[in-house]
Amino acid sequence: GMWYRVSAIGQWNTAIDGAVASTQGGFTDWVIPNVQNIMTICNYSLAIMTNFVPINLDLTGTSVWTSTTQPSATVNAMQAQANNSIVGLGKSNSRLYIFYRKFTMADLGL
């Protein structure tokens, strides 16, 4: 996948809408990563699981949204926290967000 670090903080809906509207890099298929996507960029041996090259996402004092709604409480969405956990939080809270897109065959020249 391809990642774009947005230096923005916002509510869950703002993050979702921002990804859909983004044309970063000339691409129009950006989304907010789901829990499984986020887990692919986590290094659980670090104090802050996303603070390493090339991700460099320091979650100290905050967290980053995923697009995954918490199944047991749909007013919440899952978020990755600095303490290396993924938990639900009310969608009206403001958190960091990043954009994600899957590579396509055309991106690879195939």
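**Close-up 1. Asparagine N37 in helix α2 of the predicted model.** This view, like those that follow, is taken from a predicted model. N37 lies in helix α2, which spans residues 35-39. With a relative accessible area of 13%, N37 is buried, because the limit for that class is under 20%. When its neighbours within four places in sequence are set aside, N37 is in contact with W3 and Y100.

**Close-up 2. Tryptophan W3 and its surroundings.** W3 belongs to strand β1. Its relative accessibility is 25%, and W3 therefore counts as partly exposed. Apart from its neighbours within four places in sequence, W3 is in contact with W30, P33, N37, I38, T40, I41, I98, F99 and Y100. M105 stands 102 residues from W3 in sequence, and the C-alpha atoms of the two are 17 Å apart in space.

**Close-up 3. The nonpolar cores.** The largest nonpolar core comprises 13 residues. The residues with the most contacts inside this core are I38, L57, L59, V64, A80, L96 and I98. Once neighbours within four places in sequence are left out, the contacts of I98 are W3, Y4, R5, V6, V31, I32, P33, I38, I41, L57 and V64.

**Close-up 4. The salt bridge between D29 and R101.** A search of the whole structure finds 1 salt bridge. The bridge joins D29 to R101, with the closest N and O atoms 2.6 Å apart. D29 counts as partly exposed, because its relative accessibility is 34%. R101, by contrast, has a relative accessibility of 2% and so counts as buried.

**Close-up 5. Leucine L89 in strand β4.** Strand β4 covers residues 86-90 and contains L89. A relative accessibility of 16% means that L89 counts as buried. Beyond its neighbours within four places in sequence, L89 is in contact with W65, Q70, V75, N76, A77, Q79 and R95. One of these residues, A77, is 12 residues from L89 in sequence. The C-alpha atoms of L89 and A77 are 5.6 Å apart in space.

**Close-up 6. A nonpolar patch on the surface.** F103, M105, L108 and L110 make up a nonpolar patch on the surface. Together these four residues have about 470 Å² of accessible area. F103 is located in the segment after strand β5, which runs over residues 95-101. Since its relative accessibility is 44%, F103 counts as partly exposed.

**Close-up 7. Confidence of the prediction along the chain.** The protein chain has a mean pLDDT of 87, and 99% of its residues reach 70 or more. Among the elements of the chain, helix α1 (residues 12-21) has the highest mean pLDDT, 96. The lowest mean among these elements, 85, belongs to strand β1 (residues 2-10). Where pLDDT is low, predicted coordinates should not be read in detail.

Technical notes. Residues are numbered from 1 along each chain as its sequence is written. This is a predicted model: local features need pLDDT of at least 70, side-chain atom pairs count only at pLDDT 80 or more; totals for chains, interfaces and linings use all residues. Side-chain values use heavy atoms; hydrogens and water are left out. A nonpolar core is a set of buried Ala, Val, Leu, Ile, Met, Phe, Trp, Tyr and Cys residues joined through side-chain atoms within 4.5 Å. Buried means under 20% relative accessible area, exposed over 50%, partly exposed in between (1.4 Å probe, protein chains only). Contact means heavy atoms within 4.5 Å. Patches are made of residues with over 30% relative accessible area and no salt bridge: like charges are joined within 9 Å, nonpolar side chains (Val, Leu, Ile, Met, Phe, Trp, Tyr) within 5 Å. Accessible areas come from the Shrake-Rupley method with a 1.4 Å probe; for residues, only the protein chains shown count as cover. A salt bridge is a side-chain nitrogen of Lys or Arg within 4 Å of a carboxyl oxygen of Asp or Glu. Helices (H or I, at least four residues) and strands (E, at least two) are DSSP runs, numbered from the N terminus. pLDDT is the predictor's confidence in each residue, from 0 to 100.
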